[in-house]
Amino acid sequence: MGKIINKKDIKHIAKLAELKYSDAEIDKITDQLDKIINHITKIGQADTSNIVPTSHVLEITNVYREDKVRISFTREESFKNAPLEDEDGFKVPKID
Amino acid sequence: MENEFADIKNEYETVIGLETHVELSTETKMFCGCKLSFGAQPNTYTCPICLGHPGSLPVINKKAIENAIKIALALNCNICENAVFHRKNYFYPDMPKNYQISQFDMPVGINGYIDVDMGSYVRKVRVTRVHVEEDTGKLIHIGSTGRISEADYSIVDFNRAGTPLIEIVTMPDIKSPDEAKQYMITLRNILLTLDVSDCSMEEGSIRSDANVSVKLISSDKLGTRTEIKNLNSFRFLQRGLEYEVDRHIDIIKSGGKVIQQTRHYDNKTQTTMVLREKEEAHDYRYFPDPDLVPMKIKEDWINKIKDTIPELPSAKEKRYKDFLGLSDYDSSFMANDFEISSYFEEVLKHHDNAKAACNWIMGDFSAFINKDGITLRQSKITPENLAGLIKMIDSKEINGKIAKLVFEEMYNTGKNPTDIILEKGLKQINDTEKLEKIIDEVILKNPDAVSQYKSGKSKAISYLVGQVMAKTHGKANPQIVNEIIIKKLS
């Protein structure tokens, strides 16, 4: 089995996810993820020539709700999981 | 110098594509039952779904999909039977889930177009896609300037998060900043007619991102494009694009290279500034949202929605021309602004004289409201009262001159024309007996004009009519006066 994923890919994905890793961690993750992805590629061997592409595992469609108002959280409730808040809203660090 | 530059400019062709976001005016959000609430106290309309709490499940708002289909149909799109929601992954504090639910390769509508009337020609702008997504929350940057770069921290208001948003993407068919502006006006007018969004520019209910590049007319090679984000006024759209086009040409002319960037238009300086270079993070890793099952948009639903589409501006314009007998220019003026056309048609409901209604709206009415910087609906004149005024002219209760005075009074006070005429005693004098007495006096007092008329100077009669009008303070029916004088002098 050849390498599917390399260190550069891992660094890219980590950056997209706003995660920071040491070089040693990157090496470890690259190795582990490569094994996992190699394993998963086996699925590609399945014969799908007569299979219609699907975007969902369930064979149901058209699940809708009517455009009716439901009661929302109170402000206090909405802030319960916020690490930081002030009287107006969720407080987040300076964005760069 | 100026001409030399114009020549250089003429060697280039502008290529513009627009992505327009429209907030739908449904009662509730796209995937949860929180009320849409522009301007409410921050974070008063949120729930586990629009705050992205783990384990919460979104459910599609049917009305929003209906409106999306309506829009797609009005923009001449094909409706995709299989439409799917995808996750667009990126990290930003205004997105509580760290992905936005959007559509990717299976949107609601594809391959449409809008005909944009440019007066002397029509620009056909192809619409690549109409898709549904959710809006983000709003960030308030706290610091001395309110700017993101100088902020100490930011506050997130999630009231807007999850608002149903329609994105309308065009092909790069737009050839000038003016066409871009006209496209947006046309699109907005269609959306207002469909009654799917308030399309408020100030509140950001409709906003466009513009992709622009220039290329040598003689070359097939497209230039590097830049994107101007979040243009929420027709003027900003046009000015921002004009600035960008000039900037691109200047760079190319001086031997430089345009860099692919996202830029922001600042109306204070009337320039565009870099927001960010096209970053490597432009990697959204779209995948079908496993929380939402696919949509199957069937023919019978589409047909039902088709039946709810009102007469669109282009059809209106044709009807005004063919059935109401308005000129090309008048039909276009009446049809291509939703507020004007709805006002115009309401006037016609009360009194059926299209040409007169059109003349008042385009003439005196426009002059008054333009002077005050307000719209037809913001003025004190109701369509019913304008219809009343026209009716009184048509039935010869008042003449055109008096009508102008009554109109001004209506505009200033909002009173109806009948009351104004009664109060001010402005009713037209059609009573021939009464008029004959006045005319006899005028004939006696103006022997010169009388003899001029008798010696063949037919123009002298208008002097005599004028005298009668002056004596009656403009209230006499000028046609009747004219007839009586001719009779008396022949």
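In chain B, strand β9(B) and strand β10(B), residues 153–157, run antiparallel and are joined by 5 bridges. Before I go on, please note that this is a predicted model. One pair of residues you can look up here is K138(B) and its bridge partner in β10(B), D157(B).

Some background on strands. They pair in a sheet through backbone hydrogen bonds, and the pairing is either parallel or antiparallel.

Now the whole sheet. It is open, has 3 strands in the order β2(A)-β10(B)-β9(B), and the pairing is antiparallel.

Next, the helices. Two packed helices are described by the angle between their axes and the distance between the axes. In chain B, take α10, residues 383–394, and α11, residues 400–413: their axes come within 10 Å and cross at roughly 165°. An angle over 145 degrees counts as roughly antiparallel, so that is how α10(B) lies to α11(B). The crossing of these two helices is right-handed.

Which residues make the contact? From α10(B) they are N385(B), L389(B) and I393(B). From α11(B) they are G400(B), A403(B), V406(B), F407(B) and M410(B). Sorted by type, the residues of this contact are 6 nonpolar and 2 polar, with no charged ones.

Definitions and conventions: Residues are numbered from 1 along each chain as its sequence is written. Chains are lettered from A and ligands numbered from 1 in the order in which they are written. This is a predicted model: local features need pLDDT of at least 70, side-chain atom pairs count only at pLDDT 80 or more; totals for chains, interfaces and linings use all residues. Two strands pair if DSSP finds at least two bridges between them. Helices (H or I, at least four residues) and strands (E, at least two) are DSSP runs, numbered from the N terminus. Axes are lines fitted to C-alpha atoms, for helices over the stretch in contact, and angles run from 0 to 180 degrees between N-to-C directions. Angles under 35 degrees count as roughly parallel, over 145 as roughly antiparallel, 65 to 115 as roughly perpendicular and the rest as oblique. A crossing is left-handed if the near helix is turned anticlockwise from the far one by less than a right angle, and right-handed if clockwise. Two residues are in contact if their C-beta atoms, placed from the backbone, lie within 7 Å. Ala, Val, Leu, Ile, Met, Phe, Trp, Tyr, Cys and Pro count as nonpolar, Asp, Glu, Lys and Arg as charged, and the others, Gly among them, as polar.
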